[in-house]
Amino acid sequence: MTALTRRIAPLTLVSLALAGCGSSPSGDKGAATSKPGAAPVETVQQIASERPGFEPGAIYDRDARSVVTVVSIFPGSGLGDLLGGGGGGGGGGAQEGLGSGFVISESGEIATNAHVITNGKGSSTQRAKEVYVKFGDGNQVPAKIVGADPNEDVGLIKIDPKDLNLKALPLGSSTGLVVGSPVAAIGSPFGEGGSLSVGVISAINRSIDSLTNFSISGAIQTDAAINHGNSGGPLVDAQGRVIGINSQIQSTGGGGEGVGFSVPIDGVKRSLEQLRSSGKATYAYLGVSSTPIYPQLATHFKLPVTHGAWLQTLTPGGPAERAGLKGGHGRERFQVTAYATGGDIITKFDGHDLRREEDLSTLVAAKRPGDEATLEIYRDGKKREVKMKLGTRPSTAPKR
């Protein structure tokens, strides 16, 4: 039985990276499938007819020229690799890859995923030594890496806009998204630039892994086809506004199976702002692992509240421990999960109720390192208030 895996849907690894071919030296299944035929067109028409005002063709005509193929050459690659002599399968360990990106300013800024322009995770992250951008009109130009944010999986690169007719895609908002709303994804699956797929928002407020093993909260799930090479491309709404960056797929076989995930654009905006100013992004840090409370859990453990974040463990020496918060101890199983009992319960963060599983991480992510925060907690059945100073998120999530 094949295990269900969630994969960063990243680059399509290629041996002729600069030529933009879709072959894969790593043997990715499905990379050599046939060209799209009539079925995708029928799907577009069906969704368009079911969603008045959603016109995928018009979105494509307006936005496709702002979506690019991003070619990354990583350390270890040489001239022979670029000419098809190595491609990552030889002893040199060369890696070239294709991802997607989109223009966000007429000055030449292009947004993509961090994993499109870097290799590795956490402190071992390695940047590509060369990056090239290929437009649908045939132009192909070098780009420089402005910065990469492994925590939000956001990358920012820049090209010289001279002689290029650049058009920035409008950035929308990932706040207030509605499940069932139509969306379109544009990118370069398997190196096939300028590809359009359409679908709907399947779910919101998903949690997906980052390149640091911390979670990216608020992710958008969609059934719009996302495959290897789509990473870094935009997910747009019916008005053509970017609401997310396509990043990951969940699959049993490595291909797109209608479960794709996009990094929410509100988080992307915060990341891009920091990358522009300093080339890196930092995040506030609480230093806890917690589990959400639901009514049956509260009843079983005789908890004083039916919502909140129940602290399980604290990072030794972290901000929460320094502020006097307490984690749980021992393990007791309820239903399918073992819980550490006796820990504090955070019910409010700076006055905001914690109702959903991702609320705590979302609220902390909106802060900056060094900011003050006020927590409402319950300890031994009694409510109290804790004021604390948030720390800086480490490069890799501590092991629990």
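D350 lies in the loop between strands β22 (345-349) and β23 (352-353); strands are DSSP runs (E) of at least two residues and helices DSSP runs (H or I) of at least four, numbered from the N terminus. This is a predicted model, in which local features need pLDDT of at least 70 and side-chain atom pairs count only at pLDDT 80 or more, while totals for chains, interfaces and linings use all residues. Residues are numbered from 1 along each chain as its sequence is written, and side-chain values use heavy atoms, with hydrogens and water left out.

**Loop residues with positive phi**
- D350, a residue other than glycine, has a positive phi near 50 degrees.
- D350 is partly exposed at 31% relative accessibility (buried is under 20% relative accessible area, exposed over 50%, partly exposed in between; 1.4 Å probe, protein chains only).
- Q335, in the loop between β20 (329-334) and β21 (337-341), also is not a glycine and has a positive phi of about 55 degrees.
- Most residues other than glycine have a negative phi.

**A buried serine**
- S247 belongs to strand β15 and is buried, with a relative accessible area of 0%.

**Nonpolar cores**
- The largest nonpolar core has 24 residues, including F102, I104 and V242; such a core is a set of buried Ala, Val, Leu, Ile, Met, Phe, Trp, Tyr and Cys residues joined through side-chain atoms within 4.5 Å.
- Helix α5 gives the largest share of this core, four residues.
- Another core, of 22 residues, lies apart from it and includes V68 and A143.
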